[in-house]
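Reader: I would like to learn how to read a structure like this one. Could you walk me through it, feature by feature?

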Amino acid sequence: MQLQLRSSSSASALFSAVQVKPPSSPPVRVKALFTKNPGSGTLKNSNSNTNPNPNPMASNPRWAQKTVTLPPLRRGCHLITPKIVKEIAQDLSEFKCGLAHLFLLHTSASLTINENYDSDVRDDTETFLNKIVPELYFVSLLQGRSASWKHTLEGPDDMPAHIKSSMFGCTLTIPITDGQLNMGTWQGIWLCEHRDAPTPRKVVITLNGI
């Protein structure tokens, strides 16, 4: 009887000394589709070792660049998405994933992305810009009609145009997905012309990606 109690006591002590850990989930590992090829600076398909026919677009980044000349437009905000897409459609279709960079080569106009449906939004934006950056003419009894801006060599609308250009900026970056500019349903590319005299405007468009 005493022997059985000792055995039972020993077994209890043995089991109490064993720490049972709850099962843990294996770590989740995310494998990148494209990885950098050491020493070359290019991207390669992560599955290239197992896939005998890797996608050639995945291995070599692509670049394309084009300068688009926009026709003279009156002062105000103008939707230019169709014109831009038409000019780069052929190059754009070759990109699966990437970025489109637009650079306006002028200091008295600007680029922005905004409403692409209701033209009233463009008219209201022009009204707003003219209110916050007015031409600020005043009449002096001695000097006649003058402006409060120092830079008036190119007309009263020129200095306000420079300020408006800096407000909106001259560059845009838009994602490319499956050969298309990946913008929101109601987003469009605007050219904002800030001068009174219509002037042709040039935009350098650079595409890069895979």
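Author: We will look at salt bridges, then a charged patch, then some strands. Please keep in mind that this is a predicted model.

Reader: Let us begin with charges. How many salt bridges are there?

Author: Here is the general idea. Side chains of opposite charge can pair when their charged atoms come close. In this structure, with a cut-off of 4 Å between a side-chain nitrogen of Lys or Arg and a carboxyl oxygen of Asp or Glu, the count comes to 10 salt bridges.

Reader: Which residue forms a salt bridge with Arg-62?

Author: The partner of Arg-62 is Glu-94, and their closest N and O atoms are 2.2 Å apart. This pair links distant parts of the chain, 32 residues apart: Arg-62 belongs to strand β3 (residues 62–70), while Glu-94 sits in the loop between α3 (81–92) and β5 (97–104).

Reader: Why does Arg-62 count as partly exposed?

Author: Partly exposed is the class between buried, under 20% relative accessible area, and exposed, over 50%. Arg-62 counts as partly exposed because its relative accessibility is 32%. Glu-94 has 31%, so Glu-94 counts as partly exposed too.

Reader: What does the salt bridge between Glu-87 and Lys-66 tie together?

Author: In that salt bridge the closest N and O atoms are 3.0 Å apart. Glu-87 is in helix α3 and Lys-66 in strand β3, so the pair ties together parts that are 21 residues apart in sequence. With a relative accessibility of 24%, Glu-87 counts as partly exposed, and Lys-66 does as well, at 32%.

Reader: Now for Glu-193 and Arg-201: are they buried or exposed?

Author: Both Glu-193 and Arg-201 are buried. They form a salt bridge with each other, and the closest N and O atoms are 2.8 Å apart.

Reader: Which residues are linked in a network of salt bridges?

Author: Arg-75, Glu-126, Glu-135 and Asp-196 are linked in such a network.

Reader: And which residues gather in a patch of negative charge?

Author: On the surface, that patch brings together Asp-118, Asp-120, Asp-123 and Asp-124. Asp-120 is part of helix α4 (residues 119–132). Its relative accessibility is 44%, so Asp-120 counts as partly exposed.

Reader: How many bridges pair β5 with β9?

Author: Seven bridges pair β5 and β9, in the antiparallel sense. At one of the positions to look for, Phe-103 has Thr-171 in β9 as its bridge partner.

Reader: What do β9 and β10 form?

Author: They form a hairpin with two residues between them, and Asp-178 in the turn has a positive phi of about 50°. Strand β10 (residues 180–181) runs antiparallel to β9, joined by two bridges. Thr-177 has Gln-180 in β10 as its bridge partner.

Notes:
Residues are numbered from 1 along each chain as its sequence is written. This is a predicted model: local features need pLDDT of at least 70, side-chain atom pairs count only at pLDDT 80 or more; totals for chains, interfaces and linings use all residues. Side-chain values use heavy atoms; hydrogens and water are left out. Patches are made of residues with over 30% relative accessible area and no salt bridge: like charges are joined within 9 Å, nonpolar side chains (Val, Leu, Ile, Met, Phe, Trp, Tyr) within 5 Å. Accessible areas come from the Shrake-Rupley method with a 1.4 Å probe; for residues, only the protein chains shown count as cover. Lys and Arg count as positive and Asp and Glu as negative; His and the chain ends are not counted. The place of a charge is taken as NZ of Lys, CZ of Arg, CG of Asp or CD of Glu. Helices (H or I, at least four residues) and strands (E, at least two) are DSSP runs, numbered from the N terminus. Buried means under 20% relative accessible area, exposed over 50%, partly exposed in between (1.4 Å probe, protein chains only). Two strands pair if DSSP finds at least two bridges between them.
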